[in-house]
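Please keep the sequence and the model in view while reading.

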Amino acid sequence: MEFLDEAIVKLSAAPEQVEDVIRGLSEEQLSFKPTEFFSIRENVLYGYEKRLRLMLTEDYPVLADIDGAKLAIERNYNAQPIRQALDDLKRSRATSVQRLKGMPTRDLERKAEMQGAGPIDVRRLLELWMEHDRGHVTDLLELRRAIETGAGPKLAAHQAA
């Protein structure tokens, strides 16, 4: 499977993976924060769509660094309805996947400046995005395990998105 096809498959799967992990949890469990890390509700984030759009429509755009923890507090994600967050994630991801499906392979080489990371091309953005998704799904699974067992979570430190 070519890189772009693999990225499309993996990025398309993330919203359903998230829904599978949270299925059956109560509102209280979705907001549970056993540490300073994100709750399950706060893990449903979608910050890459704008970056991809900018890279595919502008010449060498500057991509802002995203501080997920700061956004979660400012936007009060932990009090937001989970259904809306999941619907937003699905909609955002569907838009991005459509862009990728219509993108010529040569566009993987389009470049941007990513604050905190330096020069980046679309291929690297997609690699980071898939890694970011894996990290969030892993954290969701660990948070669910902690909720179900009553044991503290073993979460990895998050890097800037």
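## A pair within helix H6

Glu-142 and Arg-145 join their side chains in a salt bridge, with an N to O distance of 2.4 Å, where a salt bridge is a side-chain nitrogen of Lys or Arg within 4 Å of a carboxyl oxygen of Asp or Glu. Both residues belong to helix H6 (residues 122-149), and they stand 3 residues apart, about one turn of the helix; helices (H or I, at least four residues) are DSSP runs numbered from the N terminus.

Glu-142 is buried at 14% relative accessibility, whereas Arg-145 is partly exposed at 26%. Buried means under 20% relative accessible area and exposed over 50%, with partly exposed in between (1.4 Å probe, protein chains only).

## Basis of the values

The model is predicted, so that local features need pLDDT of at least 70 and side-chain atom pairs count only at pLDDT 80 or more, while totals for chains, interfaces and linings use all residues. Residues are numbered from 1 along each chain as its sequence is written, and side-chain values use heavy atoms, leaving out hydrogens and water.

Glu-19 is buried at 16%, and Arg-83 is partly exposed at 41%.

Asp-87, partly exposed at 29%, also meets Arg-83 in a salt bridge, at 3.5 Å. Salt bridges link Glu-19, Arg-83, Asp-87 and Lys-90 in a network, and the count for the model comes to 14 salt bridges.

Notes
Helix = DSSP H or I, 4+ residues; strand = E, 2+ residues; numbered from the N terminus.
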